[in-house]
Amino acid sequence: MAAPRSATLSTREQLSDFLASVERRAYKHAMFAVRDEHVALDIVQDAMLKLAERYGDKPAEEFPMLFHRILQNTILDHFRRQKVRSYWLTLFSSFTPHYAEEEVDPLDLLEDTENASQPQQPDASLRQAQLLATIEAALSSLPARQREAFLLRYWEQLDTAETAAAMGCSEGSVKTHCSRATHTLAAMLKEKGIDLSWDSN
Amino acid sequence: MGLKLNINDVGQLLNRSTTQLDYGTLDKLHTARRTALQYQQTRQPAPVLSWLNEHGLIHHHHGHHGHKALNFGMAVLLVAVLIGGVSYWQHSYEHDHSDIDIAILTDDLPVDMYVD
């Protein structure tokens, strides 16, 4: 997507504002994909660095699309590295004894049920937390491309063309991914008693 | 649960979930942002333009008009340098010729003039 010729180059403040506005959502995006807090933080940090280093002087209007493209590529890179690492680990683990796996401290498994340091949440908050947990679990279980398309369209509010640019695919693919994601989500949520509705167009 | 949910509500719920991140995570995100900003790529102007800018020789105009004026100024500067260069070369060429003419007349040509 080409920027208009009159677009002005961004300043440090604009980049800072953009990163501040997107960092929490970016972290959640990464969490849905990798389900590990530390890895998700690393991915967000990498994505921020890449945006600042390579595209820090681009017009601010291009930041959302560029950042999400970088974020998704960084997540993909993580999975590729993990695949290679797990291949070598599996290869070498067959030659090593398995003592380490058996060393589990029983104290780690005990639940601290008498800890009252956290105040109990009111009913409404609890219901909302449950609803959110259900939605997040459903989103996490979606195929990566479908989840990506769904989140960019319905959470980041990018239009179809911007989503296509961020995902590096055609607008038709974005529509297909979104439609499949919505139907899968609706089916998953229906099992939990939640009726998800949307406009079909 | 027996709930009805619109697809746009999902986005709002997810937004709410971002406000519930723990302090440690927010702190790390803040640190990541600060680190990234230190590496921000900025387009630095050429040293000559910086000098002209510092001495107030370039007047900033917003938009396309200012850019055109700067380009025109640079073009004029380039033409002036070219004209200066050509006239200097012509002057030194003529000066060399007059030196040789005088040397021929006074029969005082240097030895290197006979060497090819």
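**Chain B against chain A: a conversation**

Biologist: How many residues does the contact take from chain B and from chain A?
Modeller: Happy to start there, with the reminder that this is a predicted model. Counting the residues in the contact, chain A gives 46, and chain B gives 34.

Biologist: What area is buried between chain B and chain A, and what percentage do carbon and sulfur atoms give?
Modeller: The size of an interface is often given as the accessible area lost when the parts come together. Here that area is about 3,800 Å². The share from carbon and sulfur atoms is 64%.

Biologist: Which residues of chain B and chain A meet in a salt bridge with a distance of 3.5 Å, N to O?
Modeller: The rule finds 2 salt bridges across this interface, along with 10 residue pairs in polar contact, both residues at pLDDT 80 or more. A salt bridge needs a side-chain nitrogen of Lys or Arg within 4 Å of a carboxyl oxygen of Asp or Glu. At 3.5 Å, the pair you ask about is B:K4 and A:D195.

Biologist: Which element gives the most to the side of chain B that touches chain A?
Modeller: On that side, β1, α1 and α2 (23–38) of chain B each supply at least two residues. The one that gives the most, with 11 residues, is α2(B).

Biologist: Within what arc do the buried residues of α1(B) fall?
Modeller: The buried residues are B:I7, B:V10, B:G11, B:L13, B:L14, B:S17 and B:T18. An α-helix has 3.6 residues a turn, so residues three or four places apart point the same way. Seen down the axis of α1(B), the buried residues line one face of the helix, because they fall within an arc of 165°.

Biologist: Which elements do the buried residues of α1(B) pack against?
Modeller: Within chain B, they pack against β1 (3–6). From chain A, the partners are α1 (12–34), α5 (123–141), α6 (144–154), α8 (171–191) and β1 (194–197).

Biologist: Which residue caps the N-terminal end of α1(B)?
Modeller: Look for a side-chain oxygen 2.9 Å from the backbone nitrogen of B:N8. That oxygen belongs to the cap, B:N6.

Biologist: What percentage of the residues of chain A count as buried?
Modeller: Chain A has 8 helices and 1 strand, in the order α-α-α-α-α-α-α-α-β. Of its 201 residues, the buried share is 38%.

Terms used:
Residues are numbered from 1 along each chain as its sequence is written. Chains are lettered from A and ligands numbered from 1 in the order in which they are written. This is a predicted model: local features need pLDDT of at least 70, side-chain atom pairs count only at pLDDT 80 or more; totals for chains, interfaces and linings use all residues. Side-chain values use heavy atoms; hydrogens and water are left out. Buried means under 20% relative accessible area, exposed over 50%, partly exposed in between (1.4 Å probe, protein chains only). Helices (H or I, at least four residues) and strands (E, at least two) are DSSP runs, numbered from the N terminus. The arc is that of the directions from the helix axis to the C-beta atoms. Contact means heavy atoms within 4.5 Å. A polar contact is a pair of N or O atoms within 3.5 Å; within protein, one must be able to donate a hydrogen and the other to accept it, and residues adjacent in sequence count only if both atoms are side-chain atoms. Buried area is the accessible area (1.4 Å probe) that two parts lose on being put together, summed over both.
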